[in-house]
Amino acid sequence: NEYPNIDIVKMILEAVGKPESLITYVKDRPGHDQRYAIDAAKIRDELGWEPRYTFEQALPLTIRWYQSQDVWLQRVRSGAYREYYAEQYGSR
């Protein structure tokens, strides 16, 4: 794998200043996919699109964005967003 799961976990811990000792290894569930990957060749070939950042560059930026969104995070943690969906979609 280009980005094994454990490497991503370690990158996240480093970005938030936490020790690797927080990692708890667990057995994978049966039938668990070992790799998720996107082939961006079509969008590159047909539209000339290229990512602006590498994964390694974007991960800390993404983490910092989430850390700076106190109000949004509080609403997610509280479950307040469920009220919106109940209002919009009701008994569908």
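Predicted model: local features only at pLDDT ≥ 70, side-chain atom pairs only at ≥ 80, totals over all residues.
Biologist: Which residues form the nonpolar patch on the surface?

Modeller: Patches are made of residues with over 30% relative accessible area and no salt bridge, like charges being joined within 9 Å and nonpolar side chains (Val, Leu, Ile, Met, Phe, Trp, Tyr) within 5 Å. Accessible areas come from the Shrake-Rupley method with a 1.4 Å probe, and for residues only the protein chains shown count as cover. Together the members of the nonpolar patch have about 820 Å² of accessible area, and they are W65, Y66, W72, V76, Y81, Y84, Y85 and Y89.

Biologist: Which helix gives the most to the nonpolar patch?

Modeller: At least two residues of the patch come from each of α3 (55-67), α4 (70-78) and α5 (81-89). With four residues, the helix that gives the most is α5.

Biologist: What is the angle between the ring planes of Y84 and Y85?

Modeller: Rings of Phe, Tyr and Trp (its six-membered ring) pair if their centres lie within 6.5 Å, and planes under 30 degrees apart count as stacked, over 60 as edge-to-face and the rest as tilted. The structure holds five aromatic pairs, and in the one formed by Y84 and Y85 the centres are 5.2 Å apart. Both partners are partly exposed, Y84 at 45% relative accessibility and Y85 at 45% as well. The Y84 and Y85 pair is edge-to-face, with an angle between the planes of 80°.

Biologist: Which residues are linked into a cluster by ring pairs?

Modeller: The residues of this cluster also belong to the nonpolar patch on the surface. Ring pairs link into the cluster W65, Y66 and W72.

Biologist: With which residue does K10 form a salt bridge?

Modeller: A salt bridge is a side-chain nitrogen of Lys or Arg within 4 Å of a carboxyl oxygen of Asp or Glu, and the structure holds two of them. In the one made by K10, the closest N and O atoms are 3.9 Å apart. K10 lies in helix α1 and its partner in the loop between α1 and α2 (41-47), so the pair ties together parts that are 10 residues apart in sequence. K10 is partly exposed at 29% relative accessibility, and the partner, partly exposed at 47%, is E20.

Biologist: Where does L13 find its contacts, leaving aside neighbours within four places in sequence?

Modeller: L13 lies in helix α1 and counts as buried, at 11% relative accessibility. Its C-alpha is 9.0 Å from that of I23, a residue 10 places away in sequence. Contact means heavy atoms within 4.5 Å, and by that rule L13 is in contact with K18, P19, E20, L22 and I23.

Biologist: What is the distance between the C-alpha atoms of E14 and P60?

Modeller: E14 is found in helix α1 (residues 5-15) and counts as exposed, at 66% relative accessibility. Although E14 and P60 are 46 residues apart along the chain, their C-alpha atoms are separated by 9.1 Å.

Biologist: Turning to the whole chain, what is its radius of gyration?

Modeller: The secondary structure comes to five helices and zero strands, and 10% of the 92 residues count as buried. The C-alpha atoms fill a box of roughly 45 × 40 × 35 Å along the principal axes. The radius of gyration is taken over C-alpha atoms, and the globule rule is 2.2 Å times the number of residues to the power 0.38. A compact globule of 92 residues would come near 12 Å, but the chain has 18 Å.

Definitions and conventions: Residues numbered from 1 in each chain as written. Heavy atoms only, no water. Buried < 20%, exposed > 50% of the residue type's maximum accessible area, 1.4 Å probe, protein only.
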